[in-house]
Amino acid sequence: MLVDATELDWRTVSTSALADAKACAGASGDLPRLSDVDLDVLALALEEGAVLITDDYRLQNTYKNAGGAVESVANKPSKQVWIWEGRCTGCGATAPLSGNVRRSKNQTVGDCHLCGSPVKVKRRKA
Ligand SMILES: [Zn+2]
C-alpha cells in the first residue's frame with residue numbers, strides 16, 4: 001500500500017545512458033570519485049532530463065557541468081561548480097583529467113610531462 005501511494009517508478013539504466021554519464025563525469029573530473037550507484041543515478045537523470053535531487057556534491061557538480069538542474073534534500077545546494085584537474089606538484093602545470101583516470105582514492109594521477117613530478121588531482125572553479 002505504501003509502495004502504491006508513493007508511485008515508485010522503477011527503471012533500469014541503458015548502456016548508452018551510462019556511457020553518457022561516464023562521459024559527463026569524465027568531463028568535470030568527478031568520475032574517479034563517483035561510485036557505480038552514483039553513475040546509475042546520473043545516467044537516469046541525464047536520460048530523463050530530470051532534476052537531480054541529491055545531497056552528493058560530486059553528483060550535483062557533475063550534473064550541473066552537464067547542464068542539468070539539481071536540488072538538495074537536506075543541505076543547501078552547492079553554489080559553486082568546479083572542475084577537477086591534474087596539477088603538477090613540482091612545476092604547477094595543470095591539465096584536464098582524462099575520462100579514464102583510475103577510479104581510486106589515490107590522488108596521484110601520473111607524472112608531469114614537463115618536469116616528471118607527481119601530478120595530483122585538484123579542484124578549481126569552473
Ligand atoms: Zn611539472
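Modeller: A helix axis here is a line fitted to C-alpha atoms over the stretch in contact, and the angle between two axes runs from 0 to 180 degrees between N-to-C directions. This is a predicted model, in which local features need pLDDT of at least 70 and side-chain atom pairs count only at pLDDT 80 or more, while totals for chains, interfaces and linings use all residues. Residues are numbered from 1 along each chain as its sequence is written, and side-chain values use heavy atoms, with hydrogens and water left out.

Biologist: How many helices and strands does the secondary structure of the protein come to?

Modeller: Both kinds of element are DSSP runs numbered from the N terminus: helices are H or I runs of at least four residues, strands are E runs of at least two. The protein has four helices and six strands. In sequence order the pattern is α-α-α-β-α-β-β-β-β-β.

Biologist: How are two packed helices described?

Modeller: By the angle between their axes and the distance between those axes. For α2 and helix α3 (residues 36–48), the angle is about 105° and the axes are 8 Å apart.

Biologist: What are α2 and α3 to each other, roughly?

Modeller: Angles under 35 degrees count as roughly parallel, over 145 as roughly antiparallel, 65 to 115 as roughly perpendicular, and the rest as oblique. So α2 and α3 are roughly perpendicular.

Biologist: Which residues in α2 meet α3?

Modeller: Contact means heavy atoms within 4.5 Å. On the α2 side they are A17, L18, D20, A21, K22, C24 and A25, and they meet L39, D40, L42, A43, L46 and E47 in α3.

Biologist: How does the contact of α2 with α3 divide by class?

Modeller: Ala, Val, Leu, Ile, Met, Phe, Trp, Tyr, Cys and Pro count as nonpolar, Asp, Glu, Lys and Arg as charged, and the others, Gly among them, as polar. This contact has nine nonpolar, no polar and four charged residues.

Biologist: At what angle do the axes of helix α2 and helix α4 cross?

Modeller: The axes of α2 (residues 15–28) and α4 (residues 57–65) cross at roughly 95° and come within 9 Å. That angle makes α2 roughly perpendicular to α4. C24, A25 and S28 of α2 make the contact with N61, T62 and N65 of α4. By class, the residues of this contact are two nonpolar, four polar and no charged.

Biologist: Is T62 buried or exposed?

Modeller: Buried means under 20% relative accessible area, exposed over 50%, and partly exposed in between, with a 1.4 Å probe and protein chains only. T62, in helix α4, has a relative accessible area of 0% and therefore counts as buried.

Biologist: Which residues does N61 touch?

Modeller: N61 also lies in α4, and at 0% relative accessibility it is buried. Not counting residues up to four places away in sequence, N61 touches S28, D30, Q80, V81, W82 and W84. N61 and Q80 are 19 residues apart in sequence, with their C-alpha atoms 8.0 Å apart.

Biologist: Where does A69 lie?

Modeller: A69 is in the loop between α4 and β2 (70–71). A69 has a relative accessible area of 40%, so it is partly exposed. Leaving aside neighbours within four places, A69 is in contact with A50, V51, L52 and Y63.

Biologist: What is R87 in contact with?

Modeller: R87 sits in strand β3 (residues 82–88) and is partly exposed at 28% relative accessibility. Beyond neighbours within four places in sequence, its contacts are G92, A93, T94, P118, V119, K120, K122 and R123.

Biologist: How many disulfides does the structure hold?

Modeller: A disulfide is a pair of cysteine sulfur atoms within 2.5 Å. The structure holds zero. Among the cysteines, C88 is buried at 5% relative accessible area, whereas C115 is partly exposed at 40%.
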